[in-house]
Amino acid sequence: MPGRQSRRSVLATIAALTSAGALSACDAGGASAGTSTTSTTRKTRITFWSALRGSQEVVDAFNRSSRTVQVDFQQVPSGNQGGYAKLSNAARAGNAPDVATLEYPQVPGFAIDGVVRDLTGLLSDTLRRKLLPQALALTTFDRKVFSVPLDVEPMVMHYRTDLFDAYGLQVPRTWDEFAEVAAAVRARGGERRAALFATDGGSHMAAFAWQAGARWFGTSGGAWNVSLADAPTRRVAAYWQRLIDRDQVFVNGVESRQSDAQIGNGLVLARFSGAWDAGAQMKARPGQKGLWKLAPLPQWDTSDPAVGTHGGSTFAVTRDSRHPEAAMEFIEWQVSHPDALRARLSSGASSQYPAVPGLVPVGSEAFDRTYYGGQDLYRLFDEQARTIRDGWVWGPRMTATIKVMQDGFARAGGGRGTVLGAIEAAEEGTMPDLRALGLATTRNST
């Protein structure tokens, strides 16, 4: 568009991701200004892309219920080389879908690139009140909302009750207590280890650091501040490095056959992941029914309990949408209506924690508690979600940042580096990407 401001000039005057709002608003003038969105005489058709299981069932239920809007759904591959690459390419060609699914770490990048639009004026007060504030905060930058949360996944601890009992172990409330568990298992457990340090777990490290008070990214003074190796992260890195050095944890990829064998053969006593993973565990290992329970994540300070998140998805309206109001009508129904969650759950067992807490009874009712010995997991998720630590901001190029970090973790697992070294390398590798975007940057690691 002629006269469009550069990212740098916009950032310098209104700060951070507000530039994305300016770009989206500018582009919207060509893509959707003056277009019809909903009509009382005919149905508006919108397009929706998602990799989430159950999306077709949700779309079918919405289409049956809506008198004004109809949704055409396309399942896309998950991951950066799948759906996200497809979305980026479609946006460059000017034919992105009306609604797209984004994981939280992807929202800033797609906002800065102008792929998704500022939804602040489209988000109803009713929906805003329903959403968990911590979830909405993760998609809000400088008071501008760029996507609407579907679920938010507090990290929790999954543990083998039979193995804890066999070794006489108590469920750890603190990370110091977990270190004692790790030492005891190493001394008496033979091949077993307390947990896995995931070499492909950049998102795990983010959640651990987030819980400890880290702020890897932030915006102030018209610039992006980068501080991956800040003091809380260094504390977390040193903690896991000690466990690695003492051979008290496995060190390999969590998305690997090796990890599957470790868990399947009962060699891992505890796992750390988002609430969603309880349902995934049920499907992946039905033979371990009755052997697992969930507990709050160990804390650094029990007087100030906090967690980070691990997983979760959001819905954005793209710059190319000619029907943004209709798109938001569909999004609001998807994230807040009980029938939408029931439709999604009809595709299979799920333990996702909805970003609208009012839907917790729907998820809880549908969830089969027998796998976890009757434990009320949704009560635990609800309690933990409300302790998600404020202030976390995902960076503009998290895919690249995490890749550099995980490359370093893999080297550390082979004794050719350290956990902290991998994090420092990720920070160093992030800076050129941000500058290439035309963003002003600062660094504040200690």
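Residues are numbered from 1 along each chain as its sequence is written, and side-chain values use heavy atoms, with hydrogens and water left out. Because this is a predicted model, local features need pLDDT of at least 70 and side-chain atom pairs count only at pLDDT 80 or more, whereas totals for chains, interfaces and linings use all residues.

**Exercise 1.** Determine how helix H9 and helix H11 are oriented to each other, and which residues make their contact.

*Solution.* Helices (H or I, at least four residues) and strands (E, at least two) are DSSP runs, numbered from the N terminus. Helix H9 covers residues 175-188 and helix H11 covers residues 231-245; they pack at an angle of about 10 degrees, with their axes 11 Å apart. Axes are lines fitted to C-alpha atoms, for helices over the stretch in contact, and angles run from 0 to 180 degrees between N-to-C directions. Angles under 35 degrees count as roughly parallel, over 145 as roughly antiparallel, 65 to 115 as roughly perpendicular and the rest as oblique. H9 and H11 are therefore roughly parallel to each other. Contact means heavy atoms within 4.5 Å, and it is made by Trp175, Phe178, Ala179 and Ala182 of H9 together with Tyr239, Trp240 and Leu243 of H11.

**Exercise 2.** Find the angle at which the axes of helix H14 and helix H15 cross, and name the residues that meet.

*Solution.* The axes of H14 (residues 324-336) and H15 (residues 338-345) come within 5 Å and cross at roughly 70 degrees, so H14 and H15 are roughly perpendicular to each other. On the H14 side, Trp333, Gln334 and Ser336 take part, and they meet Pro338, Asp339, Ala340 and Arg344 in H15.

**Exercise 3.** Describe the open sheet that contains strands E12, E7 and E13, and the helix that packs on it.

*Solution.* Three strands form this sheet in the order E12-E7-E13, and their pairing is antiparallel; two strands pair if DSSP finds at least two bridges between them. At the edges stand E12 (270-274) and E13 (292-296), each of which pairs on one side only. Ignoring direction, neighbouring strands of the sheet are turned by 35 degrees against each other on average. Strand E7 (residues 155-160) is joined to E13 by five bridges in the antiparallel sense, and valine 156 has proline 296 in E13 as its bridge partner. Finally, helix H13 (residues 277-284) packs on the sheet, touching E7, E12 and E13, and its direction makes about 125 degrees with that of E12.
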